[in-house]
Amino acid sequence: MSSFDLKNESDVKEYLENLGVEYRFGCYSEKKPEVCHLLGDYLEGIRKDFEKAAKVYRSNCDDYNYGKSCLKYGNYSFLGKGRASEKGDPAKAYSYYEKGCTLNDPDACLHSGLLLVSKLMPKEIPRDVSKGFELLKKSCQMNNAGACFYLSGMYISGVLKDETKREPTAAASHADETAATATAKANESQPPATNRLPASAYVVERDMEKAFEFAYKACELRNMYACANLSQMYAKGDGTARDEKKAEKFKQLALEMQDEVKKQQQLTFQQGLNPT
């Protein structure tokens, strides 16, 4: 690394060529799964050769059971990336997400769970809220903030059994039905207890205490929306004792995270601009 001047264009080019050689050797000769995944990332990010990257990710998942590569190939399959037709294959994507989850990749568990609980997914994937719920729980247990947030939303609104029937749809973007949709219902007036359906009517029964627990964990994991929900729960006394000081604390935390996101977006936008 020290022999290269990364401010020099020819040195950068040589460094990247050597990096590719190193990754290929580590993957194909030494058969190291973690290096094969890096090779996939190299082909994707540096060479922009998505077809070859897809083949590397798929092989690394199939042959070496590397969870992160299962997730990546699942993403490619869902989007149709790295394929001649560029047509997505949600069923194949789910199979790779599911395998990645069995290999304990938290993001793969999140994606496979979302595909099963969403009402907006194509008909190739039968909706199964109970199984999806368990996949999301596994993801949350592995500290995936998005999964914890989504679970909180499911407990806030509850999921009825008759809602689990597939609704016809032409196509949907991945995970369009987010937990934000579910958590928005928390602000609506809830029916009186005497009018609520029995627990047997639910796949996931409404439970504000559990919603609070998952929101708290998601907030600890730096999920901005979970912190905002947590503020509302403390303000209203939903799932926890009412506490105005904590409501304000988590409100400010959510706002701080929002500012961080805005600053990061500005930095990303300005990366390609030359200083004047």
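Biologist: Which residues form one aromatic cluster?
Modeller: The cluster consists of Phe212, Tyr216, Tyr234 and Phe250. Rings of Phe, Tyr and Trp (its six-membered ring) pair if their centres lie within 6.5 Å; planes under 30 degrees apart are stacked, over 60 edge-to-face, and the rest tilted. The model is predicted: local features need pLDDT of at least 70, side-chain atom pairs count only at pLDDT 80 or more, and totals for chains, interfaces and linings use all residues. Residues are numbered from 1 along each chain as its sequence is written, and side-chain values use heavy atoms, with hydrogens and water left out.

Biologist: How many aromatic pairs does the structure hold?
Modeller: There are 10 aromatic pairs in the structure. One of them joins Phe212 and Tyr216, which are tilted at 45° between the planes, with 5.9 Å centre to centre.

Biologist: What separates Phe212 and Tyr216 in helix H10?
Modeller: Phe212 and Tyr216 are about one helical turn apart, because they lie 4 residues from each other in helix H10 (residues 208-220). Helices here are DSSP runs of H or I with at least four residues, strands are runs of E with at least two, and both are numbered from the N terminus.

Biologist: And Phe212 with Tyr234, what are the distance and angle there?
Modeller: The ring centres of Phe212 and Tyr234 are 5.3 Å apart and the planes stand at 90°, so this pair is edge-to-face. Phe212 belongs to helix H10 and Tyr234 to helix H11 (residues 224-236), so the pair ties together parts that are 22 residues apart in sequence.

Biologist: Are Phe212 and Tyr234 buried or exposed?
Modeller: Both Phe212 and Tyr234 are buried. Buried means under 20% relative accessible area, exposed means over 50%, and partly exposed is in between (1.4 Å probe, protein chains only). Phe212 has a relative accessible area of 12%, whereas Tyr216 is partly exposed at 30%.

Biologist: Changing topic: at roughly what angle do H2 and H4 cross?
Modeller: The axes of helix H2 (residues 33-45) and helix H4 (residues 67-79) cross at roughly 35° and come within 10 Å. Axes are lines fitted to C-alpha atoms, for helices over the stretch in contact, and angles run from 0 to 180 degrees between N-to-C directions. The crossing of H2 and H4 is left-handed, a term for a near helix turned anticlockwise from the far one by less than a right angle, clockwise being right-handed.

Biologist: Which residues make the contact?
Modeller: H2 supplies His37, Asp41 and Glu44, and H4 supplies Lys68, Ser69, Lys72 and Tyr76. Contact means heavy atoms within 4.5 Å. The residues of this contact comprise 1 nonpolar, 2 polar and 4 charged. In that scheme Ala, Val, Leu, Ile, Met, Phe, Trp, Tyr, Cys and Pro are nonpolar, Asp, Glu, Lys and Arg are charged, and the others, Gly among them, are polar.

Biologist: Where is Tyr57, and what does Tyr57 touch?
Modeller: Tyr57 is placed in helix H3 (residues 50-64) and is buried, with a relative accessible area of 0%. Leaving out residues up to four places away in sequence, Tyr57 touches His37, Gly40, Asp41, Glu44, Ser69, Lys72, Tyr73 and Tyr76. The C-alpha atoms of Tyr57 and Cys36 are separated by 7.7 Å, at 21 residues apart along the chain.

Biologist: And Ser152, buried or exposed?
Modeller: Ser152, in helix H8 (residues 145-157), is buried at 1% relative accessibility. Its contacts, not counting residues up to four places away in sequence, are Ala211, Phe214, Ala215 and Met233.

Biologist: Now the backbone: what is phi of Asn104?
Modeller: Phi of Asn104 is near 65°, a positive value in a residue other than glycine. Most residues other than glycine have a negative phi. Asn104 lies in the loop between helix H5 (90-102) and helix H6 (106-117), and Asn104 is partly exposed at 47% relative accessible area.

Biologist: What about phi of Arg222?
Modeller: Arg222 is not a glycine either, yet its phi is positive at about 75°. Arg222 sits in the loop between H10 and H11 and is partly exposed, with a relative accessible area of 46%.

Biologist: Finally, how many helices and strands does the protein have?
Modeller: The secondary structure comes to 12 helices and 2 strands. Of the 276 residues of the protein, 38% count as buried.
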